[in-house]
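Open your viewer and get your selection tool ready. We will walk through the model one stop at a time.

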Amino acid sequence: MTVTATAPAPTRPELHQSTVAQTLAMSKRSVLSLWRQPSLVVPSLIFPLFFAALGTASFARATSIPGFPAVDSYLDFALAGAVVQGILFGSTVGATALATDIENGFFDRLLSSPSTRSGIIVGRMAGGMVYGFFQTIFFITVLLPFGLSIKGGVAGVLTMAIGGTILALAVGALMSAMAIKTGSSEAVQGAFPLLFIAMFFSSAFFPRETMSGFYGTLADINPISHLVEGFRDLTIEGFSLSAAVRSVVIPAILAVLAVTLALRTLKHRLAAR
Amino acid sequence: MTTVDDTTTHRPRSVAATRVLPASVGLMRRSIVNITRLPSAFIPSIMMPIFQAIAFSGTFFAIIQIPGFPTDRSINWFLPLAVVMGSGFAGIGIGFTAIRDLEGGFYDRMRLTPAPRWSLITGPLLAALVRSLIVTTIVFAVGSLFGARLTHGPIGLVPLYVAGLGIATIGTGWGLGLAYRFRDMRAAAIMQLTFFLLIFLTEAQTPLYIMEGWLESVARINPFNNVIRLARLGFVDPPMTWDDTWGGLLAIAVFSALALLFARRGLARLSRV
């Protein structure tokens, strides 16, 4: 009789169990889910372009109004708003998927596995970050043949793409906090108008200098105004340290606050179990 | 003991004698009661046009400085647009309700009753008209607080209400027609997107003579442009004339008839399923 001894399975490298590897695995799942369901993300590509085209045709003559920055066309002015609008809309998709994971029990299975808590959250947001980067490049690429000019050049485009990626993290984390808190995809969708309102009470579509009264005050204190203006300065004025800092640091601060909120919400959810 | 023959004084009515109006009123009352029982479904349809009127007039406050702009108040320009959008979505909301009723089996039960088929359209239509009246009244009241003024006196409210009721009729026909054909929530996206595009591809944001390029050409041939122009008659500086009125009335009449016919044929198709 021959006895065959089964050799022990080779142990997987330590890296495969690390936080980074787990986060990467979750990130891959998140990116793939966006790639495989284009119908979820296409509206966030189409609508900002539609509004940019609509605004360019409607407000072409508004660029001569006192307070309006010197621009070659309204399209140059509109780009920053279109990018931020697209990212605000697109980043809710990941949070909605997280809420769906909670609803159908997949989130609980992840929690009962030995995976890191931060990996679950950050991994889910990674898809949104990749998509935010893609959106920024996509909007610029599509609008270039229609007369868009970016004075900031390649450095300006890259800075906007980095800012867009971080903004996607910030918005995704904020909406994920909502998803974890409520465990309802409907609630996440229901909170979407808040982003819409935040964008409208900013300088995303028209310069702050042309607004007045309480509306102007709201736009002044809205961080989205300053973020959009950073992107806009890179487009219509050229690359500058001030514009780059506003484009990257403002979303970074928002991201830190939002991720902290999401992780705290997760901690409270786990404590309540 | 005296026996009274009831049959001589109280003859049972034939089910075939059920008339359209009582059945329609019954269905309308059901829809209106749902507003109080499920306010979360109706409140957004009030809040969104209010938000739109305030946000657009605040963001685009400066467009009144464009030479030749027909009013010196941005709220006067955007309030009628918000009423048209709100009333249109009040009609389309009826389409959403129809989808829920189809999925829940309510329509199957209705088709077993002697209620005339037309009442399945006129009932929801009456409900949409009531909703439109509510939306128009509230948006006008709130808009007045934010500075909207009737430039030609109270008579200016007539075209606003007519445009609101007309667009609600078109929205209802379109919404019901799609709901009867698709019978699930796929119809909802088509209802919203098409309506949204038709309304925005007009002089929704700026007058025709201020636009440039493709939008001016599209808006000029878009019949919904006449409806928006009708709604604005009482809020802009130029006098109210028949020349600016009949186009809107004609567009409402033609598109209402077509939309209701579309709904009726959809209902007939549903009955054959």
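## Stop 1: A salt bridge to start from

This is a predicted model, and across all its chains it holds nine salt bridges. Let's pick one of them. Select A:Glu229 and A:Arg208: they form a salt bridge whose closest N and O atoms are 2.6 Å apart. The two residues are 21 apart and link distant parts of the chain. A:Glu229 belongs to helix 10 (residues 223–236) of chain A, while A:Arg208 sits in the loop between helix 8 (185–200) and helix 9 (213–221) of that chain. In general, side chains of opposite charge can pair when their charged atoms come close.

## Stop 2: Chain A as a whole

Now display chain A as a cartoon. If you draw a box along the principal axes, the C-alpha atoms of chain A fill roughly 95 × 40 × 35 Å.

## Stop 3: Where the chains meet

Next, bring chain B into view and select the contact residues on both sides. There are 28 in chain B and 24 in chain A. Together the two chains bury about 2,400 Å² between them, with 76% of that on carbon and sulfur atoms. Highlight B:Phe51, B:Thr59 and B:Phe60, which supply 23% of the area that chain B buries against chain A, more than any other three residues.

Which helices of chain B each supply at least two residues to this side? Colour helix 2 (39–59), helix 7 (186–200) and helix 8 (214–221) of chain B to see them. Helix 2 gives the most, with seven residues. By residue type, the side of chain B that touches chain A divides into 22 nonpolar, five polar and one charged.

While you are here, look at the pairings across the interface. Between chain B and chain A the count of salt bridges is zero, whereas six residue pairs are in polar contact.

## Stop 4: A nonpolar patch on chain B

For the last stop, show the surface of chain B and select B:Ile155, B:Val158, B:Val162, B:Trp242, B:Trp246, B:Leu249, B:Leu250, B:Val254 and B:Leu258. These residues make a nonpolar surface patch of about 840 Å². Helix 6 (157–182) and helix 10 (246–272) of chain B are the elements that give two or more residues to the patch. Helix 10 gives the most, with five residues. Finish on B:Trp242, which is found in the loop between helix 9 (224–232) and helix 10 of chain B.

Note on methods
Residues numbered from 1 in each chain as written. Chains lettered and ligands numbered in written order. Predicted model: local features only at pLDDT ≥ 70, side-chain atom pairs only at ≥ 80, totals over all residues. Heavy atoms only, no water. Contact = heavy atoms within 4.5 Å. Buried area = accessible area lost by both parts, 1.4 Å probe. Salt bridge = Lys/Arg side-chain N within 4 Å of Asp/Glu carboxyl O. Polar contact = N/O pair within 3.5 Å; in protein donor to acceptor, adjacent residues only side chain to side chain. Helix = DSSP H or I, 4+ residues; strand = E, 2+ residues; numbered from the N terminus. Nonpolar A, V, L, I, M, F, W, Y, C, P; charged D, E, K, R; others polar. Patch = residues over 30% accessible without salt bridge, like charges linked within 9 Å, V, L, I, M, F, W, Y side chains within 5 Å. Areas by Shrake-Rupley, 256 points an atom, 1.4 Å probe, with all protein chains shown as cover.
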